[in-house]
Amino acid sequence: MISAAIGVPTGGEQQPCQAACFGVTHRVAEKGNLGDGFGPSDPHEWDGEEPNVVYSITVFGASGDLAKRKLFPAFLSLFHHHLVPRTIQFVGFGRTHYDSQQFRELLSSTLLQFSADNSIPYIPTTLAFLSKVHYVIGDYASSSDIMRLAKEIGQIEQHQYLHQLEKAKSRTSSEVKSNRVFYFSLPPSVYAVVSKQIGSHLLSTSGWNRVVVEKPFGSDEDSSNALQKELSQFFDEDMIFRIDHYLGKEMVMNLLTLRFANTIFEPLWNRHYIKAIVISFKEKIGIEGRAGYFDNYGIIRDVPTVLVKCYS
């Protein structure tokens, strides 16, 4: 299944956040007053949600650049606009040494820096979101670490379930239904081992499972087919979502609208009337912490691929 990018498109440059906002961030983080994330303060937030259903998104590579710049700011925007269940929990898994509180402190500043949605208030929305974020350190190839992650997810789901029963004032309990999303914020070189670990230890047996695979999906046809074969050993095709977050950018989406929503361009936008197409790709940042990824995959192969997709 091919999917568009998750989250909110990132179009223009962001306005700097007020200094006071950053001050609140760090004061709250220092006090550790981020809540437990297992129950909204507004009882009406539970309307329409089944108390025995829990949701989680587990991000592999949660301490990496993509998760920091794109994924968690997008999750925050989805949370703010009520596009995910209010009871959802977010679990990060990575090799960097953080505990959950330290990871929340990291996100408390990066969310403000990289969020594309300026309408999100820090209090209470961002605080409520951060309280739902958890972190587990471990190695992708270590079965013991993955089993520890599975235990943590199970405990989070059980805790959430009990809170939902309490908030819903339910006197009868039923079997918890766990729906899980696993996001590969990882280089393709570890897709196979992570897929095996998820298939062996992390899949929900009481609800649905989804796997989100980021580009690049291989470097050529042979490597792409090999990756597909590895994924299909553990996941059905309707469980797999392959995405390119660049295709969800506002400018790219605007091109689609401009091209297909204006009939005046239909007879003109073709090889008979267009001499050349120029696409400029500019970034203020360098490779930052992505050197390992680019050394393995290649920046020349990565960036032009995005531009060709925009062109097509």
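Asn209 is a residue of strand S5, which covers residues 209–214. Before going further, note that this is a predicted model.

Is Asn209 buried or exposed? Its relative accessible area is 8%, so Asn209 is buried, since the cut-off for that word is under 20%. What does its side chain reach? It reaches the backbone nitrogen of Ser204, at 2.8 Å. Setting aside neighbours within four places in sequence, Asn209 is in contact with Arg180, Phe182, Leu203, Ser204 and Met239.

Next, Val194. This residue sits in helix H6. Its relative accessibility is 1%, and therefore Val194 also counts as buried. Not counting residues up to four places away in sequence, Val194 touches Phe60, Tyr140, Phe184 and Leu186. Val194 and Asp139 are 55 residues apart along the chain, and their C-alpha atoms are separated by 9.8 Å.

Now helix H6 as a whole. H6 runs over residues 191–202 and packs with helix H5, residues 143–167. The angle between them is about 50°, and the axes are 10 Å apart. Because of that angle, H5 is oblique to H6. As for handedness, the crossing of the two helices is right-handed.

Which residues meet there? From H5 come Ser143, Ile146, Met147, Leu149, Ala150 and Ile153. From H6 come Gln197, His201 and Leu202. Sorted by class, this contact has six nonpolar residues, three polar ones and no charged ones.

How values were computed: Residues numbered from 1 in each chain as written. Predicted model: local features only at pLDDT ≥ 70, side-chain atom pairs only at ≥ 80, totals over all residues. Heavy atoms only, no water. Axes fitted to C-alpha atoms, helices over the stretch in contact; angles between N-to-C directions. Helix = DSSP H or I, 4+ residues; strand = E, 2+ residues; numbered from the N terminus. Parallel < 35°, antiparallel > 145°, perpendicular 65-115°, else oblique. Left-handed = near helix turned anticlockwise from the far one by under 90°. Contact = heavy atoms within 4.5 Å. Nonpolar A, V, L, I, M, F, W, Y, C, P; charged D, E, K, R; others polar. Buried < 20%, exposed > 50% of the residue type's maximum accessible area, 1.4 Å probe, protein only. Polar contact = N/O pair within 3.5 Å; in protein donor to acceptor, adjacent residues only side chain to side chain.
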